[in-house]
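Let's take a walk through this model together. Keep the sequence and the structure side by side as you read.

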Amino acid sequence: MTDYVRHRPSYPPELLAWLRETIGFSPSWRVADIGSGTGIFSRLLLEHGNPVHAVEPNGAMRAEAETSLGGHENFTSVAATAESTTLPDNAFDLVTAAQAFHWFEPVATGCEFRRILKPDGWVLVVFNTRRADTNPFMRAYEHLLRTRAVDYHAVDHLLVGPDRLHAFFGEYREWHTTFSVHHDLDGVIGLSSSSSYTPAPGHPD
């Protein structure tokens, strides 16, 4: 958990600007951040001024979010899953899933999101994606994961492609931007160790 907290990157602030331009996103919107983990994306929303209900089933991750974000009066921590959030009906303007959507069961989650959203509400799915083919180091790192990581193929968020998104949402809008995160060696190791598919110490790989 220490590696996750120290080394996981945040998300580009340009994303919130894009939301303001395209759907009129404002600080008054109530947001349900589903699969909120340690609160990385919740923090961006809170700093924007939004009331945020952060829904996370993992107790250790949820505790980290409560420790770091508990001082925000607009922050509410919820111990629940994407498929059964325990949140009230028609209560949220925006439901978000940052680096988490690939873990959700699509049919049950779709029903749950529609239940908790207002009739004119929106869903936002966000992924940070490594540019795996930009230089020799990144190509070697990707090769390492594909040959040594545990279940890397099964949990790769790149599996969330157009077909799955269309099945879940129908029509949707897509936006891309590029931003850089710089790590030293300890940071690279820590970022790797924060991933669920990285072999734990003592694993044969």
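## Overall build

What radius of gyration would a compact globule with 205 residues have, and what does the chain have? A compact globule would be near 17 Å, and the chain has 17 Å, which agrees. The radius is taken over C-alpha atoms, and the globule rule is 2.2 Å times the number of residues to the power 0.38. Along its principal axes, the C-alpha trace spans about 50 × 40 × 30 Å.

Before going further, a word on the source: this is a predicted model, in which local features need pLDDT of at least 70 and side-chain atom pairs count only at pLDDT 80 or more, while totals for chains, interfaces and linings use all residues. Residues are numbered from 1 along each chain as its sequence is written, and side-chain values use heavy atoms, with hydrogens and water left out.

Buried residues (under 20% relative accessible area; exposed is over 50%, partly exposed in between, with a 1.4 Å probe and protein chains only) make up 40% of the 205 residues. The chain exposes about 11,300 Å², of which carbon and sulfur atoms supply 53%; these areas come from the Shrake-Rupley method with a 1.4 Å probe, and for residues only the protein chains shown count as cover.

## The sheet

The chain has nine helices and five strands. These are DSSP runs numbered from the N terminus: H or I of at least four residues for helices, E of at least two for strands. From the N terminus, their order is α-α-β-α-β-α-β-β-α-β-α-α-α-α.

The five strands form an open sheet in the order E3-E2-E1-E4-E5, with parallel pairing (strands pair if DSSP finds at least two bridges between them). E3 (75-78) and E5 (117-126) stand at the edges with a single partner strand each, so one side of each lacks a neighbour in the sheet. From one strand to the next, the twist averages 20 degrees. Helix H5 (106-116) packs on the sheet, touching E1 (31-34), E4 (92-98) and E5, and its direction makes about 130 degrees with that of E5. Here axes are lines fitted to C-alpha atoms, for helices over the stretch in contact, and angles run from 0 to 180 degrees between N-to-C directions; contact means heavy atoms within 4.5 Å.

Four bridges join E1 to E2, and Ile34 stands opposite Val55 in E2. Val55 in turn stands opposite Val78 in E3. From E1, Val31 and Asp33 point one way and Ala32 and Ile34 the other, and all are buried.

## Two cores

A nonpolar core is a set of buried Ala, Val, Leu, Ile, Met, Phe, Trp, Tyr and Cys residues joined through side-chain atoms within 4.5 Å. The largest has 23 residues, and those touching the most other members include Tyr11, Phe41 and Leu124. Among the elements giving it two or more residues are H2 (14-23), H3 (40-48) and H4 (59-69). Beyond its neighbours within four places in sequence, Phe41 contacts Tyr11, Leu15, Asp33, Thr96, Ala98, Leu124 and Val126.

Apart from this core lies another, of 20 residues, including Val55, Ala91, Phe101 and Val160.

## Loop residues to look at

Thr86, in the loop between E3 and E4, has a positive phi of about 70 degrees although it is not a glycine. Thr86 is exposed, with a relative accessible area of 59%. Gln99, in the loop between E4 and H5, also is not a glycine and has a positive phi of about 60 degrees, but Gln99 is buried at 19%.
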